[in-house]
Amino acid sequence: MVSVLWGSILSDKMIVALLNYSLILFVIAILAGLILREGKKASYLGSILTCTASILLLTIVFIETISLLTKGMIITVSTAVPLINMPIRIDGLSLVLITVIALLGLASSLYTPRYMEYYEKLAREGYFIALFSTFIASMLLIVLTSDIIWFIFMWEVMTFSSYLLIIWEYVEEYVMKAGWKYFVTMHFLSTLPLMIGIIALWETTGSTSMDVISARISRLPTELLAILYTLFIIGFCSKAGVVPIHFWLPDAHPAAPSNVSALLSGAMVKVAVYGLLRYCCYILPVNMIVGYVVASLGTLSLTIGILYALKETDTKRLLAYSTISHMGYIWLGLAQELFCLARVIS
Amino acid sequence: MLILGITSFILVVLALITALSDERSKIRSLYTVSVGILSLLLLLAFMFYITWTSTTIDIPFKQDLDLVIACDKISFIVGLNVIIIGIITLLSSYRYMEIYGERKGYVPYYLATLGFIYSMVMLVIARTWLWFLFFLEIMTLSSYFLIGYEYYERDVARIAWNYFVIMHVLCTIPLIISVAFIYTVTGTFTFGARISHMNTLIALLSLLGFATKSGLFPIHFWLPDAHPVAPSPISALLSGAMVEIGVYGMYRVVEQLGSLDPMVANIIIVMAVLSTMVGVLSYVRQRDVKRLFAWSTIDNMGWMYIIIAFTGVAGGPLLASYILNHGLAKAAAFISSGVLLYTLGTKNLDELKGTYRAYRLEIGLLVLSMFALEGTPPFNFFWSKFGVVRVVLENNVVLGIVYALAWCIAFVIFLYIIHELISSSHDVKKTISRVRECPLSLAFSVAILLALLLISQILCEFLYRVLTYG
């Protein structure tokens, strides 16, 4: 009896159901925000919805952890988002990111209703909630999808919604400037290279599915691979705020409301790391030189970030520089992973 | 089917009769608008039915002059674009025409508008070149009346005159010659007959005609004048539907020719790239919102023609979805600038600086339409632009990067304009004041278009799947 119950809980059907429910809750939060538009009610209702959605996501993580402990492996789920047919796969890498996004989503949702009273004169709490849940949902779908075209689409949704959240306090001139810097940098140094890279992958391998591409990648010439590595490193480097494309981060992250800053510094830059890992390590074959490049960028970033932080007195800017510095550590760690894998394969 | 066809025909006639009345009368225009919208919905149902069942209707006239009506998937999506924008135009015209007060154009407004919309619907489903030209002429004539609607204003009559002359000399005449050639080669006016010789000549003449209609470089100079002077709902129809009919016509020519001569394809590529570049470069010095959007049409024409040049007939689905997405976004942009004209009485960007705080709804709609127009997700225009970049990159890497860069640069310029609207460093109250309240129907029109843009690509793909079995 108990084993049957466990079996039904530790199954991919359960996970798919939980995932669908949480996505539905995010959509309801968006719609409720757009309909209610203003007032504390919208704020509270939206936060309850996003909180519940995050808790459902954490339940997925919990189930996967139990599965890992009892069966020694996680449940890999392959499904598709209903209606839009967006292919989804949950594996170990995306599970880590789901944990980060769900925890931060939960924390910042709890924080939102009271904190937004600080922005009372701007009103529009409903729109804030709608954008806020779009932002979380888009990050979630980026790490879940197994299709490169949906990846770039959701990537853009994330950039756009985070831009709108950064310029939330639009009456302040410095906020608008930070938003401008952020969006222009993103468009030229993140979207453009990623788009060209993804189209090149699609064209040369003839598929949009990550699995098929990684199976067919060995056919590609080395020169093309080098270009693809470059494009992806530039694209993800600028989103992660790694030196030398870090200049937008100390302006943009503090300009946003604090609950958004938490998501920006805590989750969005990690989504960029996820992208780098997914593209340069999983889809494209691992490569020693890429490892060296990532390692040197990481080292540069962790040094420069922390040196800038020394002279900062503004709390939020200090934390933003700390983000840059920690991105350096993460990239260094990632580079070490790349080295090891490349060594093992060769 | 017969009942559907006859009912929609009766409603069309009824709408045209009621449209003869004076547009200054509230009740009469309400009646015309509702009959017009109903007739367009019925036409949509009719189009869907004949697409679904692959029916070809042949209305007999004298030999060779039969009106043949049929609809395939491409026609259906282009027609859907025309009908959606037509409905929105009628809906928004009802309140928007209050701007003109007691003044009147030299033809009944709704008659010209309905004639314009119906002729475009017929253009899309007609299957003989002679009738295609006939409806093209009705379209040109009614659009001329609408562009010259404010004939009492300085320059407007001249711009309308320019438009009409250019259309006749550079669009109608080449097309008539081209159709005459098609007739001499194939012996019939119907689409689909194999053209065995004179391919290059026919392609070149049609290109001249349709490029003029679409405002492709170097025959684009009339467009930034003509589109903004029309009443805003009509500008939406002009930029969102009429210029696309030119692209659609070119697509049909290429389809009939089978393949494009490499020389003609190269000419189209050069024209398209220059259009995009001219469009993007002109954004910077535009201070009039409607002129800005007119230049954006020229920019987007470059994106559409390059699909034809690189993929020929195979690019049909991408072209159709681009037409639908661009049409909806452009209509939203023009109608939201109409909202500004209606409520604030200005369309000058210098005067509108920093007005977002005071007029959130009006400027908010404009800003959202601008984002939609620049292909920012979640608006579905992104998919079409992405598809074009893919097609171009596949054929020519350098041009692909040029297109991707053009997209980014255009986006940044639009973003700069948006920042000017939102930014707080300007004193608002001094420059402009509210003339009228924003009516629900106008805000609703833009909202519908923006909501449709969230699902338009999914809708296109769905229609493609469903209509395959038809």
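Okay, a bit of housekeeping before we look around. This is a predicted model, where local features need pLDDT of at least 70, side-chain atom pairs count only at pLDDT 80 or more, and totals for chains, interfaces and linings use all residues. Residues are numbered from 1 along each chain as its sequence is written, while chains are lettered from A and ligands numbered from 1 in the order in which they are written.

Let's start with chain A. If you draw a box along the principal axes, the C-alpha atoms of chain A fill roughly 60 × 60 × 35 Å.

How much of chain A is buried? Buried residues make up 49% of its 346 residues. For us, a residue is buried if 20 or more other C-beta atoms lie within 10 Å of its own, exposed if 12 or fewer, and partly exposed in between, with the C-beta atoms placed from the backbone.

Now zoom in on the two strands of chain A. Strand β1 (residues 77–81) and strand β2 (residues 86–90) of chain A pair in the antiparallel sense over five bridges; strands pair if DSSP finds at least two bridges between them. To pick out one bridge, Ala80(A) has Pro87(A) in β2(A) as its partner. Together β1(A) and β2(A) form a hairpin with four residues between them, and Leu83(A) in the turn has a positive phi of about 75°. Asn85(A) lies in the loop between these strands too, and its phi is near 55°, a positive value in a residue other than glycine. Asn85(A) is exposed, with 11 other C-beta atoms within 10 Å. As background, most residues other than glycine have a negative phi, and most peptide bonds are trans.

On to chain B. Here we have 19 helices and two strands. The radius of gyration of chain B is 21 Å, close to the 23 Å from the globule rule for 470 residues, so chain B is as compact as a globular protein of that length. Its C-alpha trace spans about 65 × 55 × 45 Å along the principal axes, and 55% of its 470 residues count as buried.

One helix to look at is α1 of chain B, residues 2–19. At 1.5 Å a residue, its 18 residues should span 26 Å, and the end C-alpha atoms are 25 Å apart, which agrees. The expected span is 1.5 Å times one less than the number of residues. Which residues of α1(B) are buried? They are Ser8(B), Val12(B), Ala15(B), Thr18(B) and Ala19(B). Seen down the axis of α1(B), these fall within an arc of 135°, so they line one face of the helix; the arc is that of the directions from the helix axis to the C-beta atoms. The face turned away from the buried side carries exposed residues, including Leu2(B), Ile6(B) and Val13(B). What covers the buried residues includes α2 (26–52) and α4 (109–125) of chain B.

Now a few backbone details in chain B. The peptide bond from Phe217(B) to Pro218(B) is cis, with omega near 0°, and Pro218(B) lies in the loop between α7 (199–214) and α8 (223–229) of chain B. The bond from Pro377(B) to Pro378(B) is cis as well, with omega near 5°. Pro378(B) is in the loop between α14 (360–373) and α15 of chain B.

Last stop: where the chains meet. 22 residues of chain B are in contact with 20 residues of chain A, and contact means that the C-beta atoms, placed from the backbone, lie within 7 Å. On the side of chain B that touches chain A, α15 (381–395) and α16 (397–422) of chain B each supply at least two residues. α16(B) gives the most, with eight residues. That side of chain B divides into 14 nonpolar, five polar and three charged residues. Here Ala, Val, Leu, Ile, Met, Phe, Trp, Tyr, Cys and Pro count as nonpolar, Asp, Glu, Lys and Arg as charged, and the others, Gly among them, as polar.

Definitions and conventions
Two residues are in contact if their C-beta atoms, placed from the backbone, lie within 7 Å. The radius of gyration is taken over C-alpha atoms; the globule rule is 2.2 Å times the number of residues to the power 0.38.
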